[in-house]
Amino acid sequence: MDKNNLPPAFGPLAGVKVLVSGVAYAGPFAASLMADYGAEVLSIESTVAPDMIRTGSVFQQMHRNQRAIAMNVPTDEGREIFLKLIKEHDIFIESSKAGQWGRWGLDDEALWESNPKLVIAHVSGFGQTGLPEYTSRGSWDAIGQAFGGISSMNGLAEPEPPMITNPYVCDYYTAIYASWACLAAYIKAQKTGKGDSIDIAQYETLIYSMGDALMNYLNKGIEYKRAGLNNPKYGAWKTYTCKDGSIYCAPAGISAMKKGLPFLGLQHGSEDIPENWQFTPTGTKGAKLLEEKLAEYCAGRTVDEADRELNKVGILASPIMTHDRMEDHPQYKARQVIAQWDDADGKPIKGPNTLLRFKNNPGTIWRGAPKYGSDNEEVLSGLGYSAEEIAKFYKNKILTKVTS
């Protein structure tokens, strides 16, 4: 067994064992979050084809700190191997259409027979229950945004059509909810000895992210109106153009009113901006005046100048961070937001660091994303299979792996 494939003990999730099966983002990223903080994650890929995102750089981020096997689960031998793996793991995350694993003879009850404490997370587009015409559908991030309602809130004002937010906001929300739910159920299972099954519908994970828009409609009948480049509530909150780029300004609060407005040549307590205002409401004359002043001010300065001066007088502002700015910005460097690690071929690769800061049990990056099926032998030998049995699995196409 290659010692470089064994996860070191680190992070708050050291000792937690997670099995994950699914492609792309929503399900696998939930396991990825746990892997960054010490969980031992094993990813199952189908022998039919590798994960569709393997060809992209994002795979290196999504599957770092993990081991990988490629096996044909819905076969007699595959089910036997899978149930042995289930006995060894605390959490199982799968992303597929509703009922897929049950059709393979691997429903929740079958898994709990092998491991009563197992936490199971079913990640799907439309949930495990509901109308069959929906639960039988697949889904991508954009479909989740459309059906979850968030796309109706984005884009230019009517008559322009709604917009999908890029990249993959719904998938990432789904993964975060799934990861949180798995760990909550894991804590309970450790106390009671009984696992749980979690039904996570991709589109539903966006419902909580709409601010007060949905509740305003349900309780007051107020329909949300897309505001395009403007904020629907806070006037002058928008992107402004500087000499060398763009900056976003969000003027609100007592400091912005009492210090920021005079700095820009406006008076807090005037007829257009009354003293009791802590922001200038969208559509008011005061908001228009403030927007005009900010546009004039920013046009005569660089992004860094405007950023520094506006924040000093209480008007919160931020550069619109492009990738080149992110790589070189001193705050990003000070907090080590960008990390470097080695991929499976030993080549250096850069990407987001482990971004939650645990003081006593920090996360780390100990391994690059594994190659297709690269840990087959190690995993199966750990389950007690002999070299001869493993060779037979390859011959019968129960296992596969990259050949170079």
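In this predicted model, helix 1 (residues 26–35) packs against helix 8 (residues 169–192) at an angle of about 55°, and their axes lie 8 Å apart. Two packed helices are described by the angle between their axes and the distance between the axes. Angles from 65 to 115 degrees count as roughly perpendicular and those under 35 degrees as roughly parallel, and helix 1 and helix 8 are therefore oblique to each other. The crossing in which helix 1 passes helix 8 is right-handed. On the side of helix 1, the contact is made by Ala-26, Phe-29, Ala-30, Leu-33 and Met-34, while helix 8 contributes residues including Asp-171, Tyr-172, Thr-174 and Ser-179. Sorted by class, this contact of helix 1 with helix 8 holds eleven nonpolar, two polar and one charged residues.

Strand 8 (residues 246–250) and strand 9 run antiparallel and are joined by four bridges, and Ile-247 has Pro-319 of strand 9 as its bridge partner. In a regular strand the side chains alternate between the two faces of the sheet.

Turning to the whole protein, the model has 16 helices and eleven strands, and its C-alpha atoms fill a box of roughly 85 × 50 × 40 Å along the principal axes. Of the 404 residues in the protein, 43% are buried. Among contacts between residues at least 6 apart in sequence, 70% join residues at least 24 apart.

How values were computed: Residues are numbered from 1 along each chain as its sequence is written. This is a predicted model: local features need pLDDT of at least 70, side-chain atom pairs count only at pLDDT 80 or more; totals for chains, interfaces and linings use all residues. Side-chain values use heavy atoms; hydrogens and water are left out. Axes are lines fitted to C-alpha atoms, for helices over the stretch in contact, and angles run from 0 to 180 degrees between N-to-C directions. Helices (H or I, at least four residues) and strands (E, at least two) are DSSP runs, numbered from the N terminus. Angles under 35 degrees count as roughly parallel, over 145 as roughly antiparallel, 65 to 115 as roughly perpendicular and the rest as oblique. A crossing is left-handed if the near helix is turned anticlockwise from the far one by less than a right angle, and right-handed if clockwise. Contact means heavy atoms within 4.5 Å. Ala, Val, Leu, Ile, Met, Phe, Trp, Tyr, Cys and Pro count as nonpolar, Asp, Glu, Lys and Arg as charged, and the others, Gly among them, as polar. Two strands pair if DSSP finds at least two bridges between them. Buried means under 20% relative accessible area, exposed over 50%, partly exposed in between (1.4 Å probe, protein chains only).
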